[in-house]
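Read each task, look for the answer yourself, and then follow the solution step by step.

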Amino acid sequence: MLSVENVRKSFGGLPVLKGISLEVRQGEVLAVIGPSGSGKSTLLRCITQLERVDSGKITICGETLVSNNEQEKAVYADKQTRVKIGLHLGLVFQNFNLFPHFSVLRNVTEAPVRVLKKNKAEAERTARALLEKMGLADKADAYPCQLSGGQQQRVSIARALAMNPDILFFDEPTSALDPELTGEILKVIRELAAEHMTMVVVTHEMKFARDVADQVIFMDGGNIVEQGTASDVFGSTKEERTKAFLSRFN
Ligand code: ATP
Ligand code: MG
């Protein structure tokens, strides 16, 4: 479903990803944990093409993005492939990133109508069903500023799902929320996991990662220090850096 091979990325000479490799199979949930500045968001941004890699290879649903560092500049697959890969992905950010001047309904229908060229009535039907699933049926006509953070985040999940993605990426989806609202969002992600949605979740919620993730990656300083099942990483890690990181959450 998703394969990342030896991906490297620097910003102005500072290496931020130092050769990252991972695989995510269909229906799997991968949790990415690690200290601030370890490169988690950069990894997500590279996979979702918000950022170009310097070298390495990323394959999503059989479409490959190649980069060749011998030529210094990234040599990328053609635009068509990038667009196709984009259509396989859904992305949910920490700060919701809703369109403030659009209603909740329009936030969810905008991309399906503009990008997928769906007809408006059909897009609205799908959007209303997704909003209902997120417990927001009565908020379709509200504006983002009229919603709580947890509600806004559920709209942004509905918006991502409206594109019918093959993989959903979350970058610290709960870190802007207080504990009660965090629970709301984690519940939605758990439900998606139960429906076998393939997901990559960057999170500081260790209990959630332990319960929901099939695979856990611990990053530090641009490297994957540890990679395994949740019980490998949380239960029986031998790595000092992982132990030190996890001890902060106990
Ligand atoms: P956090 O848990 O705080 O979100 P993170 O693991 O997501 O941290 P990244 O945001 O990926 O970390 O950042 C990794 C490193 O890359 C940091 O040193 C950061 O300053 C640097 N960095 C990230 N984006 C850029 C950029 N656009 N330009 C320059 N440096 C950047
Ligand atoms: Mg981050």
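**Exercise 1. Find the place of L116 in the chain, and decide whether L116 is buried, partly exposed or exposed.**

Solution. 
- Step 1: L116 sits in the loop that runs between helix 3 (104-114) and helix 4. Helices here are DSSP runs of H or I with at least four residues, strands are E runs of at least two, and both are numbered from the N terminus.
- Step 2: Recall the classes: buried means under 20% relative accessible area, exposed means over 50%, and partly exposed is in between (1.4 Å probe, protein chains only).
- Step 3: L116 counts as partly exposed because its relative accessibility is 31%.
- Step 4: Together with V83, L87 and V115, L116 forms a nonpolar patch on the surface, with about 290 Å² of accessible area in total. Such a patch joins nonpolar side chains (Val, Leu, Ile, Met, Phe, Trp, Tyr) within 5 Å, while like charges are joined within 9 Å; members have over 30% relative accessible area and no salt bridge. Accessible areas come from the Shrake-Rupley method with a 1.4 Å probe, and for residues only the protein chains shown count as cover.

Before you go on, some ground rules: this is a predicted model, where local features need pLDDT of at least 70 and side-chain atom pairs count only at pLDDT 80 or more, while totals for chains, interfaces and linings use all residues. Residues are numbered from 1 along each chain as its sequence is written, chains are lettered from A and ligands numbered from 1 in the order in which they are written, and side-chain values use heavy atoms, with hydrogens and water left out.

**Exercise 2. Describe how E124 and K120 are placed in helix 4.**

Solution. 
- Step 1: Both residues lie in helix 4 (residues 120-133), 4 residues apart, which is about one turn of the helix.
- Step 2: E124 is partly exposed at 24% relative accessible area, whereas K120 is exposed at 58%.

**Exercise 3. Which side chains have an N or O atom 2.8 Å or 2.6 Å from an oxygen atom of ligand 1?**

Solution. 
- Step 1: The side chain of S41 has such an atom at 2.8 Å, and that of T42 has one at 2.6 Å.
- Step 2: The protein covers 58% of the 640 Å² of accessible area that ligand 1 has on its own.
- Step 3: Helix 1 (residues 40-47) gives the most to the shell around ligand 1, with 3 residues.

Definitions and conventions
Polar contact = N/O pair within 3.5 Å; in protein donor to acceptor, adjacent residues only side chain to side chain. Salt bridge = Lys/Arg side-chain N within 4 Å of Asp/Glu carboxyl O.
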